[in-house]
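User: I would like to learn how to read the features of a model like this one. Please take them one at a time, with the general idea before the case.

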Amino acid sequence: MEIVAIVGSHRNGQNTQKALDHFISKIKVEHELFEYNVNKIDVQACIACDHCIPHQGECVIEDDMTEIYQKMETCDLLIVASPVYFSAFPSKIKALIDRTQMIYNLKDKTAIKKKKILIIGVGGAPYYPRQFQAVDNTLEWYKKTLSCDEIGFVQFSHTDELPALDNKKSLAELEAIADKINTPMAKK
Ligand SMILES: Cc1cc2nc3c(=O)[nH]c(=O)nc-3n(C[C@H](O)[C@H](O)[C@H](O)COP(=O)(O)O)c2cc1C
């Protein structure tokens with residue numbers, strides 16, 4: 001199984017990364033992980049040039065999206081793990097999501113594999129009703145574009161006081177999702 005994980009925190013090794021690592025550590029089926037941390041990749045903002053409409057599958061910007069496009073299209077499990085900044089996606093991961101417009105503009109999407117998607121949301125404040133609403137809204141078209149079936153949206157609120165690895169409830173939710181992935185269909 002090929003897993004692509006996109007990590008949207010502007011800090012390395014903090015709550016978002018730890019929550020993701022915890023989930024990955026529970027995946028027991030054979031897998032290959034391609035992790036894209038927004039701090040370690042070069043992904044520029046979409047310039048809305050519409051080049052990808054007449055030139056199907058092409059983006060004029062030459063950066064790490066060339067590889068990420070291909071991986072997002074053909075993986076089996078996509079993970080978007082991100083904090084919220086001002087109740088929305090931080091700017092770097094939003095740029096990556098916006099660049100998916102190239103795939104959205106494809107007239108023939110048959111090369112895009114049907115896949116599962118797991119969303120991990122992290123917020124420093126105690127839970128409030130719209131804490132992850134913008135993330136959910138943004139991902140609506142991202143999921144459709146990449147042919148994703150959502151298997152969970154696990155939220156880690158109040159990380160300012162409760163570090164992700166101390167949030168037993170959310171960790172248990174991640175573990176339950178990993179268990180489902182680990183259980184072959186035949187045994188269900
Ligand atoms: C610019 C900025 C804006 C933030 N805005 C919010 C917010 O609107 N709501 C919230 O719950 N937390 C907010 N936070 C807190 C982060 O979501 C929190 O610190 C989270 O743990 C960051 O992820 P990380 O630990 O992986 O870096 C903000 C943090 C920053 C730096």
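**Reading the sheet**

Analyst: Five bridges join β1 to strand β3 (residues 77-83), and the two run parallel. This is a predicted model. As a general idea, strands of a sheet pair through backbone hydrogen bonds, either parallel or antiparallel.

User: Which residues of β3 are the bridge partners of A5 and V7?

Analyst: A5 has I79 as its bridge partner in β3, and V7 has A81.

User: What does β1 (residues 2-7) pair with through six bridges?

Analyst: That partner is β2, again in the parallel sense. Here A5 stands opposite E35 of β2, and V7 has N37 of β2 as its bridge partner.

User: How many bridges link β3 to strand β4 (residues 115-122)?

Analyst: Seven bridges link β3 and β4, in the parallel sense.

User: What is the order of the strands in the open sheet?

Analyst: The five strands are ordered β2-β1-β3-β4-β5, with parallel pairing. β2 and β5 are at the edges with a single partner strand each, so one side of each has no neighbour in the sheet. On average, neighbouring strands of this sheet are turned by 15 degrees against each other, direction ignored.

User: Is β3 mostly covered or uncovered?

Analyst: To read burial, count the other C-beta atoms within 10 Å of a residue's own: 20 or more means buried, 12 or fewer exposed. β3 is mostly covered, with seven of its seven residues buried. L77, I79, A81 and P83 point one way from the strand, while L78, V80 and S82 point the other way, and all are buried. In β1, five of the six residues are buried.

User: Is E140 buried or exposed, and why?

Analyst: E140 is exposed because it has 9 C-beta neighbours inside 10 Å. This residue is found in helix α5. Sequence separation and distance in space can be read together here: E140 and E73 are 67 residues apart in sequence and 16 Å apart in space, C-alpha to C-alpha.

User: Where is S147 found, and what is its phi near?

Analyst: S147 is in the loop between α5 (133-145) and β5 (148-156). Its phi is positive, near 55 degrees, in a residue other than glycine. With 16 other C-beta atoms within 10 Å, S147 is partly exposed.

User: Last, the ligand. Which of the 16 residues around the ligand come nearest?

Analyst: Those are Q14, T16, P83, G123 and G124. One of them, P83, is also among the buried residues of β3.

User: How do the residues of the shell around the ligand divide by type?

Analyst: The shell has six nonpolar, nine polar and one charged residue.

Conventions
Residues are numbered from 1 along each chain as its sequence is written. This is a predicted model: local features need pLDDT of at least 70, side-chain atom pairs count only at pLDDT 80 or more; totals for chains, interfaces and linings use all residues. A residue is near a molecule or strand if its C-beta atom, placed from the backbone, lies within 6 Å of it. Ala, Val, Leu, Ile, Met, Phe, Trp, Tyr, Cys and Pro count as nonpolar, Asp, Glu, Lys and Arg as charged, and the others, Gly among them, as polar. Helices (H or I, at least four residues) and strands (E, at least two) are DSSP runs, numbered from the N terminus. Two strands pair if DSSP finds at least two bridges between them. Axes are lines fitted to C-alpha atoms, for helices over the stretch in contact, and angles run from 0 to 180 degrees between N-to-C directions.
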